[in-house]
Amino acid sequence: MEVVASFYPLAFAAERAGGEGVSVRNLTPPGVEPHDLELTPDDLEAIAEADVVVYLGGGFQSVVEDAVEAEATGITVDVFEGIDPLRAPSGDEGDNGSADPHVWLDPVLYSGIAARVATEIGEVEARDGARVAANAGDLDEDLMTLDAEFRRGLARCDTRVMITNHAAFGYLAAAYGLEQHAISGLSPESEPNPQRIAELAAEARAEGVTTVFTEDLVAPEVAETLAAEAGLDTAVLSPLEGLTDEQEAAGDDYLSVMRRNLEVLRDGLVCA
């Protein structure tokens, strides 16, 4: 059975659900920011021939949405459907209340997405439906354990304000009672103005913030500029839009990177 997933979190869910009986192709290579994806002829052929194509709609990867509409002949799953999304603050750079697509960073929401992916794979793999359901149950258990670790780990912190490179962490912040203050908007390519940098520097001083969180697939220069202006440290927090080459070589996955995120947050927010 062939499954095509548009980027890493969806590929991970499909791999865990399908197990050895499913071949999963991730359209977004390691180290590539999903917004920058350009599809090759082989990618288009894979979308056309796949039994199941899993993607995130809402404009997150519009090139994939267009290709799915034009090429896909199997089951297509837009995991953004049915989710009541968070909205970007109206003041964010160019977003004006746009839907936040970063739903996979809330382990509970992500568990629902993974269950939906498993259901569609189980429909195609009818003879192995029980195995797929068992795999999905194992992943759900892992994600509920992860959620409990985040709740315990972030229960008592000196500050609940997280200053991030771009507005990728809204769902994570909402799930665990944090406040995301992003330098730029939902897209990592959006450019903040100097006034935004000055505002966040003042907020950091007022809220006792010690750390600005950069990202692993996005250039850190803007975040480093803010950190230098406000006298803050920096630390890498992964939005898990994909694995880096180093993470893939080390055998990292969604769960291990999220646990590393938890430790980075605990250090940066000074949590007991």
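## The disulfide

Cys157 and Cys271 are both buried. This comes from a predicted model. In the model, a disulfide joins Cys157 to Cys271, with an S to S distance of 2.0 Å. How many disulfides does a search of the whole structure find? The answer is 1.

The link of Cys157 and Cys271 is right-handed, with 95 degrees about the S-S bond.

## Salt bridges

A search of the whole structure finds 9 salt bridges. One of them pairs Arg116 with Glu81. Their closest N and O atoms are 3.6 Å apart. Arg116 belongs to helix α4 (residues 107-124), while Glu81 belongs to the loop between β4 (75-78) and α4, so this pair ties together parts that are 35 residues apart in sequence. Arg116 is partly exposed, at a relative accessible area of 27%.

Another salt bridge joins Arg196 and Glu199, at 3.7 Å from N to O. Where do these two residues lie? Both are in helix α7 (residues 194-207). They are 3 residues apart, which is about one turn of the helix. Glu199 is partly exposed, with 34% relative accessibility.

Some salt bridges link up. Glu125, Asp128 and Arg131 are connected in a network of salt bridges. Within it, Arg131 pairs with Asp128, and the closest N and O atoms are 3.5 Å apart.

Are these two partners buried, exposed or partly exposed? Arg131 is partly exposed, with a relative accessible area of 28%. Asp128 also counts as partly exposed, at 33% relative accessibility.

## A negative patch

Charge also gathers on the surface. Glu2, Asp42, Glu45 and Glu49 form a patch of negative charge there. Which element gives the largest share of the patch? Helix α2 (residues 41-49) does, with 3 residues.

Glu49 is a residue of helix α2. Its relative accessible area is 55%. Exposed means over 50%, so Glu49 counts as exposed.

How values were computed: Residues numbered from 1 in each chain as written. Predicted model: local features only at pLDDT ≥ 70, side-chain atom pairs only at ≥ 80, totals over all residues. Heavy atoms only, no water. Disulfide = S-S within 2.5 Å. Buried < 20%, exposed > 50% of the residue type's maximum accessible area, 1.4 Å probe, protein only. Patch = residues over 30% accessible without salt bridge, like charges linked within 9 Å, V, L, I, M, F, W, Y side chains within 5 Å. Areas by Shrake-Rupley, 256 points an atom, 1.4 Å probe, with all protein chains shown as cover. Salt bridge = Lys/Arg side-chain N within 4 Å of Asp/Glu carboxyl O. Lys, Arg positive; Asp, Glu negative; His and termini not counted. Charge placed at Lys NZ, Arg CZ, Asp CG, Glu CD. Helix = DSSP H or I, 4+ residues; strand = E, 2+ residues; numbered from the N terminus.
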